[in-house]
Amino acid sequence: MSGDVAVLGAGMHPWGKWGHGFTTYGTAAARTALADAGVDWRDVGSIVGADTVRGGYPGYVAGATFARALGWQGARVTSVYAACASGAQAIATARAQILAGLADVVLVVGADAAPKGFFAPAGGERPDDPDWLRFRVLGATNPAYFGLYARRRMALYGDTVEDFAQVKVKNSAAGALNPHARYRKAVSAEEVAASAVVADPLRLLDICATSDGGAALVLSSMEFARRRGVTDPVRVRAVSTVTPVYPRTVLDLPDVATDSTTAVAAPEQGFRASIARAAYEEAGIGPEDLSLAEVYDLSTALELEWYEDIGLCGAGEGAKLVREGITALGGRVPVNPSGGLASFGEAVPAQAIAQVCELTWQLRGTAGERQVTGARAGITANQGLFGHGSAVVVVR
């Protein structure tokens with residue numbers, strides 16, 4: 001049996017700081033996706049919501065929250081939380097339901113109303129929560145980890161702050177063309193260098209913001225798509241949600257120590273690379289088949305890591321791709337043609353869904369000024385705290 005499911009509709013609420021609850025953004029994105037698909041909400045057999053956990057009780061039941069906002073109609077419901085991988089987990093759940101014959105049409109929704117500044121764990125004493133623990137023990141916010149990753153690249157591969165700045169330059173140029181992006185202004189390397197230091201060597205413009213926003217997809221069986229006259233839809237072909245392999249040899253959010261390798265050899269492949277490999281294996285394609293990619297650029301330096309992890313180049317060669325324009329719009333394999341998190345900021349439950357929205361528009365050829373010519377296959381790469389892998393392969 002084919003593992004393909006059709007992407008009939010994609011919709012987003014623009015990212016920004018709008019001052020509303022997450023339900024507002026998710027409902028708007030859902031209605032846009034339903035309209036794009038030409039599907040009535042009453043014909044949806046299942047809704048899968050990617051959770052936000054800072055909004056109190058409704059956040060923990062995001063699927064039902066969106067179903068209620070759209071109007072109760074009896075659809076089965078699922079709510080998913082996997083930190084920044086929540087959106088990919090929601091897509092995986094929807095796809096599994098379709099392939100199992102439990103629903104012909106599934107609506108996937110994620111939205112967030114993010115706090116100002118950096119993300120922090122909820123209050124209270126929770127020494128068994130590693131996210132809470134790293135704040136209490138180290139005082140380490142997310143940007144502190146981003147800075148450590150950047151320093152590691154500089155030490156191992158000779159990357160420079162100028163290389164990191166070029167990632168922001170590239171992504172801001174793409175984001176300036178995206179009507180859904182929060183920051184729609186091209187930025188120069190000089191402006192990056194002039195911005196405030198946040199976590200040395202990274203500056204303010206090297207690190208993504210926190211944002212409000214929403215994204216939604218309407219997925220269906222291939223049979224349903226054909227019955228609707230959609231003979232060549234964009235298709236989700238693979239979803240990777242793998243966990244790490246012991247031992248972990250590189251410090252990763254929110255850990256405060258790595259696993260011991262005293263008696264156990266290090267794995268041949270790191271966690272992020274294993275996420276992409278599982279997606280490629282399921283999809284039956286490789287990095288050489290990609291037309292584009294959407295990756296998780298929490299910082300400019302982390303985007304370079306993803307180039308290597310999704311197989312666009314070897315270890316330490318990411319900066320070379322940026323210098324040569326290979327990952328820019330018009331390059332051989334554009335990465336983050338949406339503008340990435342650099343242009344959107346983080347709306348945690350929505351961002352992995354938003355990545356698939358971008359691939360959908362690109363593969364349809366409807367991405368406007370940021371269109372990647374002849375796009376036929378793309379991959380998303382994302383990563384949630386606590387070992388949540390996230391990658392989706394989309395083809396046409």
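Trainee: How far is the sulfur of cysteine 84 from the closest cysteine sulfur?
Mentor: This is a predicted model, where local features need pLDDT of at least 70, side-chain atom pairs need 80 or more, and totals for chains, interfaces and linings use all residues. Residues are numbered from 1 along each chain as its sequence is written, and side-chain values use heavy atoms, with hydrogens and water left out. The closest sulfur belongs to cysteine 208, and the gap is too far for a bond (a disulfide needs the two sulfurs within 2.5 Å): 8.4 Å.

Trainee: Is cysteine 84 buried or exposed?
Mentor: Buried is under 20% relative accessible area, exposed is over 50%, and partly exposed is in between (1.4 Å probe, protein chains only). Cysteine 84 comes in at 9%, so call it buried.

Trainee: And what is the relative accessible area of cysteine 208?
Mentor: Cysteine 208 is in no disulfide, and a search of the whole structure turns up zero of them. Cysteine 208 is buried too, with a relative accessible area of 11%.

Trainee: Which strands stand at the edges of the sheet?
Mentor: Strands here are DSSP E runs of at least two residues, helices H or I runs of at least four, both numbered from the N terminus. Nine strands make an open, mixed sheet, ordered S3-S2-S4-S7-S1-S8-S11-S10-S9, where pairing takes at least two DSSP bridges. The edge strands each have a single partner, so one side of each lacks a neighbour in the sheet: they're S3 (76-80) and S9 (292-295).

Trainee: How many bridges join S10 and S11?
Mentor: S10 covers residues 377-384 and S11 covers 388-395. Glutamine 383 sits opposite glycine 389 of S11. The two strands pair in the antiparallel sense, and the bridge count is eight.

Trainee: At what angle do H4 and H14 pack?
Mentor: H4 (86-99) and H14 (348-364) have their axes 5 Å apart. Ser86, Gly87, Ala88 and Ile91 of H4 meet Pro349, Ala352, Ile353 and Val356 of H14, with contact being heavy atoms within 4.5 Å. Axes are fitted to C-alpha atoms over the stretch in contact, and angles run from 0 to 180 degrees between N-to-C directions. For this pair that's about 60°.
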